[in-house]
Amino acid sequence: MYLQTIELHFDVSLELPVRLLLDPSEDSWQAVRQKALDLMEIMVGRVEGLAFAGCCEFHSLSLPGEFDRKIQGIYRKVKNIPVLIGPILESWQKHASSFVTVLITGKRPIDLDDWTGRPEGHPAPKLIIVNLEGKEFQDEIPEFLSSDPLESILDEANNPPVSIFVEGDGFFPLECKTNQGALDLDFYDNQMRLKLNNWDTSQRLSLRLKSLGLTDPFMVIERRNGTSEKKTGQEISSYFNQPIWTPLTDAAWTVIQAGINRQDFECPFCRDYHAYQTVFCPNLGRFLLDGIPSKSVVIIDRQQRKFLSLTDALLAWQSGHDRIITMDGMMYSWEDFGWMFLNEITPYENLGNDFFGLYTEG
Amino acid sequence: MEFNILFDKTGFPLIKNSRWDFFISIFPVSKYQFELFLCSSQGHKRNFYSDSWYRELLKKNPRCAWHGETSEPWRHFLSGESPEVFDDFIKYCGNGMRLPKIDEWRQLLEVEHHLNENTDNLYTLCDIAAPPVRHWLRQGLGILTNEGMLEFVQSCDSSGTTIIGRPFTSFHPNLWSPGSEREIERNSKLWNIVSFRLAMSK
């Protein structure tokens, strides 16, 4: 298999969606309905749908006010059916990705015991039980029961990400654009990960990515309670333009030429001679690579007298088929077993084909 | 002895010996299965299966978690109701499911010993089964014809139902012959563990 260039868009909510499971018993219906409305008011946009305990049919709620319009009609069909949660939770586990279930009930569900102390291989979903009546099972299942009021339910439903990253078979990120957070490369065990830091959970995350890989990479969201989700991206094409190469100024070209040839050079500014790797004039305290950003990794195209700066968006540059230079100046090559770290680029590192790499400390 | 296996709508297995012309389930119908029916549109059709109805039924043979360790295994299985209720469940399962005939049940009884000695095979074949199946097989809860629930089956002439089986001795100490027909009073304690299983012709 060969490395391919892949362009994907990840558009994900960092908050877990909420599904409501409602007790259909007539004697608690008004209280259940009101609590559901109150919850939806504080969890704006997070409640993706509902079902009644005892009925596997799922009702999505995607429009504002849909609950009010739909609920009485649905309720009439299921009034007083047995308060069973197992078949619904199992069907949701099979067909949906991560979510939180909030069960609002006035009765102990008949099959509640099936969801406590589950054996290995049969994990229980995240379930919050809002018990509206009495103490029938108040102390029995502390891992599920929510202590009303609404704010504490909201707090329990929150399971924020603790780690967000993209990885995949042969994955190596080249370019990336995100609407939030800061990106970081993380190399371990011959694999590369793209990590997101400083995200805002309340905002959707939109991340467009151009990368190399054997298969499509995926996003992993690890959450506070130890669960994790894999998200796949949508294929996009031609979102990323060709990287922009900028012509070198005459002054910068003088310094770079000397550097490539490993020769001392006459400083274009102080006229003194400096060692070939000097990029900061010791006499004038001035950065010598005029027009090139300091403290960044740049690629020099000697034939075209142009440079390319690796920035936050341009994470890495591919030299030839299997060699990569990252924005933090590290070189990697693709081998049979995965990515291999080669070295940190040296001043005017020869990258082949008349390209040279340089970290512009300044 | 070769067996074929198939799974009913609820993910529970039925087996068929190469000499048989029928499949028969390896467990009596469980509450886990019946609750799938209760949560389906068929379960809601008649407005009969209400929360209070089911809770009342469970008083006869209380429920326990399918994954729980219990010295009262009869609590896993649906029992204590009339054949009409069981019939609704059988219809829900569709696919030609029916009550076993009495001689089909007796043929299962004949091979129970062999099957219980080969539960590893059954376990392997049940990799796509509903969660309780493998758990119960591991606990040695298979077949249950020689000692288990009492069960409704079709009578010899298929004109009605009769009850067969030998109750769990921990529920009702006994030396009954499992293959003999029994008359069970509706208000007796034994009625509370009268169950049934599924069969289909093939």
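How many residues of chain B are in contact with chain A? In this predicted model, 19 residues of chain B are in contact with 21 residues of chain A. Chain B is built from 7 helices and 8 strands, while chain A is divided into three parts: domain 1 (4-13 + 161-235), domain 2 (18-157) and domain 3 (246-359). The points below take the contact between the chains, then chain B, then chain A.

**Where chain B touches chain A**

- On the side of chain B that touches chain A, helix 1, helix 3 (51-60) and helix 7 each supply at least two residues.
- By class, this side of chain B divides into 9 nonpolar, 6 polar and 4 charged residues.

**Chain B as a whole**

- Chain B contains 7 helices and 8 strands, and its radius of gyration of 16 Å is close to the 17 Å that the globule rule gives for 202 residues, so chain B is as compact as a globular protein of that length.
- Taken along the principal axes, the C-alpha atoms of chain B fill a box of roughly 45 × 40 × 35 Å.
- Of the 202 residues of chain B, 42% count as buried.
- Among contacts in chain B with a separation of 6 or more, 64% are accounted for by residues 24 or more positions apart.

**Helix 7 of chain B**

- Helix 7 of chain B covers residues 131-138, and Pro132(B), Val133(B), Trp136(B) and Leu137(B) are buried in it.
- Seen down the axis of helix 7 of chain B, the buried residues fall within an arc of 130 degrees, so they line one face of the helix.
- The cover over these buried residues includes strand 2 (13-17), helix 1 (31-38) and helix 6 (119-125) of chain B.
- Helix 7 of chain B also supplies at least two residues of the side that touches chain A.
- After helix 7 of chain B comes Gly140(B), with a positive phi near 75 degrees.

**Domains 1 and 3 of chain A**

- The centres of domain 1 and domain 3 of chain A, taken over C-alpha atoms, are separated by 28 Å.
- The contact between these domains takes 12 residues from domain 1 of chain A and 14 residues from domain 3 of chain A.
- On the domain 1 side of this contact, the elements that give two or more residues are strand 8 (172-178), strand 9 (182-188) and strand 10 (191-197) of chain A.
- Strand 8 of chain A gives the largest share of that side, 6 residues.
- The side of domain 1 of chain A that touches domain 3 of chain A has 8 nonpolar, 2 polar and 2 charged residues.

Methods. Residues are numbered from 1 along each chain as its sequence is written. Chains are lettered from A and ligands numbered from 1 in the order in which they are written. This is a predicted model: local features need pLDDT of at least 70, side-chain atom pairs count only at pLDDT 80 or more; totals for chains, interfaces and linings use all residues. A residue is buried if 20 or more other C-beta atoms lie within 10 Å of its own, exposed if 12 or fewer, and partly exposed in between; C-beta atoms are placed from the backbone. Helices (H or I, at least four residues) and strands (E, at least two) are DSSP runs, numbered from the N terminus. The arc is that of the directions from the helix axis to the C-beta atoms. Two residues are in contact if their C-beta atoms, placed from the backbone, lie within 7 Å. Domain bounds come from an automatic or database domain assignment. Ala, Val, Leu, Ile, Met, Phe, Trp, Tyr, Cys and Pro count as nonpolar, Asp, Glu, Lys and Arg as charged, and the others, Gly among them, as polar. The radius of gyration is taken over C-alpha atoms; the globule rule is 2.2 Å times the number of residues to the power 0.38.
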